[in-house]
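Let's take a walk through this structure together, one stop at a time. Have the sequence and the 3D view open as you read.

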Amino acid sequence: MKNFLFIAITSILLISCTGNDKYVLKDSIGSINKVMVVAKVSDWTGDIGQEIRTSFGELMVGLPQPEPILTLSQVAPSGFSTMMKAHRNLLIISESDNEGFSVRNNVFAQPQTIVYVQGKDDETIIKLLQKHKNDIKKIFIDADIKFTQRIFEKDKLAENQFKTIKNLGISITIPTTFKLVDDTGEFLWLRQHLLSGIAKTGSNNILVYSIPLENEETVAENIVAVRDSIGKKYIPGSFEGMYMITEAAYTPFTFDATIDGKKAYETRGKWEVKDDFMAGPFLNYSIIDKKNNRVVVFEGFTYAPSVNKRAFVFELEAIAKSIKIN
């Protein structure tokens, strides 16, 4: 009997494992920037649910239309079926005497990120959510960044075809859907035409260049002036005298960031064309490269009238965060 049990268990393990002793997991499902919350209906409709929506319903900065950083949906534990367990981003809320906040990866599918928040009562769970909300948001966003980068890595542009990238001595993962607009050796402009929904006349754009590092303390305060000078020089409008500028009516937001282990500034805001009606969101990363006494700048901007733009800007963010300075 013992031998029979041993053979049965071994057979199951062999069927369930690959040659490198890892369990075979199904591919995860779910849209980028979307989190499935596993919580009781009474929790979701009560104070816990309100705290989750407040904590994770923050709007993305710099978009013309209000769009949350993360989109939330809910399923009750009783409805947490095999299909639901395959979601890429899961936030699981439960009651337990062992209160805490933890993260696990690739439990039911891959790639997958699961954040567990558990406490002995509603008050404890709410306090944990409040304490860790920024950590939890970053965990899900970083996971989606890596997921997007892996997709782009499978079909990316050859970097050695661009003079500017070679001259700057950087590497960057850009999908082949982007086409060349301008490459001077000092300034690169790539454009991706957007074909989804009604944004058939829209585009996602990438700019890459560098400026001298004159004073590290003034880099952040000069970002708008630098991007406006670049817009005037390289990004023309439909007629003479028109060019891209930072929208005067909307003050951009600048945050500390890290790219390739180097200090950087992330700036989000809105661009417009001087004396024209074209406008949209932009995302700028100014990376301080002390070794080469310069600031490497990546900027992405989107033109997609009448549609939501969060997904387009998020793709630009994933591309920017793939930069390596050689």
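Start with three rings: Phe187, Tyr209 and Tyr234 are linked by ring pairs into a cluster. Keep in mind that what you're looking at is a predicted model.

Take Phe187 with Tyr209. Their ring centres sit 6.2 Å apart with the planes at 35°, so this pair counts as tilted. Phe187 belongs to strand S10 (residues 187-193) and Tyr209 to strand S11 (residues 203-212), so the pair links distant parts of the chain, 22 residues apart. Are these two residues buried or exposed? Both Phe187 and Tyr209 are buried.

Phe187 and Tyr234 make a stacked aromatic pair, with 3.9 Å from centre to centre and 5° between the planes. Here Phe187 is in strand S10 while Tyr234 is in helix H6 (residues 223-234), so the pair ties together parts that lie 47 residues apart in sequence. Once again, both Phe187 and Tyr234 are buried.

Next, the nonpolar cores. The largest one has 52 residues, and the ones with the most contacts inside it are Ile52, Leu91, Ile93, Val117, Ile206 and Phe298. Which helix gives the most to this core? That's H4, with 9 residues.

Back in the largest core, pick out Ile52 and see what it touches. Setting aside neighbours within four places in sequence, Ile52 is in contact with Val37, Trp44, Gly57, Leu72, Leu91, Ile93 and Leu129. Two of these partners, Leu91 and Ile93, are also on the list of residues with the most contacts inside that core.

Our last stop is H4 again, this time for its packing. Two packed helices are described by the angle between their axes and the distance between the axes. Helix H4 (residues 122-154) packs against helix H7 (residues 310-320) at an angle of about 80°, with the axes 9 Å apart. H4 and H7 are therefore roughly perpendicular to each other, since angles of 65 to 115 degrees count that way. On the H4 side, the contact is made by Ile141, Asp144, Ile145, Thr148, Gln149 and Phe152. These meet Phe314, Glu315, Glu317, Ala318 and Ile319 in H7. Sort the residues of this contact by type and you get 6 nonpolar, 2 polar and 3 charged.

Conventions:
Residues are numbered from 1 along each chain as its sequence is written. This is a predicted model: local features need pLDDT of at least 70, side-chain atom pairs count only at pLDDT 80 or more; totals for chains, interfaces and linings use all residues. Side-chain values use heavy atoms; hydrogens and water are left out. Axes are lines fitted to C-alpha atoms, for helices over the stretch in contact, and angles run from 0 to 180 degrees between N-to-C directions. Helices (H or I, at least four residues) and strands (E, at least two) are DSSP runs, numbered from the N terminus. Angles under 35 degrees count as roughly parallel, over 145 as roughly antiparallel, 65 to 115 as roughly perpendicular and the rest as oblique. Contact means heavy atoms within 4.5 Å. Ala, Val, Leu, Ile, Met, Phe, Trp, Tyr, Cys and Pro count as nonpolar, Asp, Glu, Lys and Arg as charged, and the others, Gly among them, as polar. A nonpolar core is a set of buried Ala, Val, Leu, Ile, Met, Phe, Trp, Tyr and Cys residues joined through side-chain atoms within 4.5 Å. Buried means under 20% relative accessible area, exposed over 50%, partly exposed in between (1.4 Å probe, protein chains only). Rings of Phe, Tyr and Trp (its six-membered ring) pair if their centres lie within 6.5 Å; planes under 30 degrees apart count as stacked, over 60 as edge-to-face and the rest as tilted.
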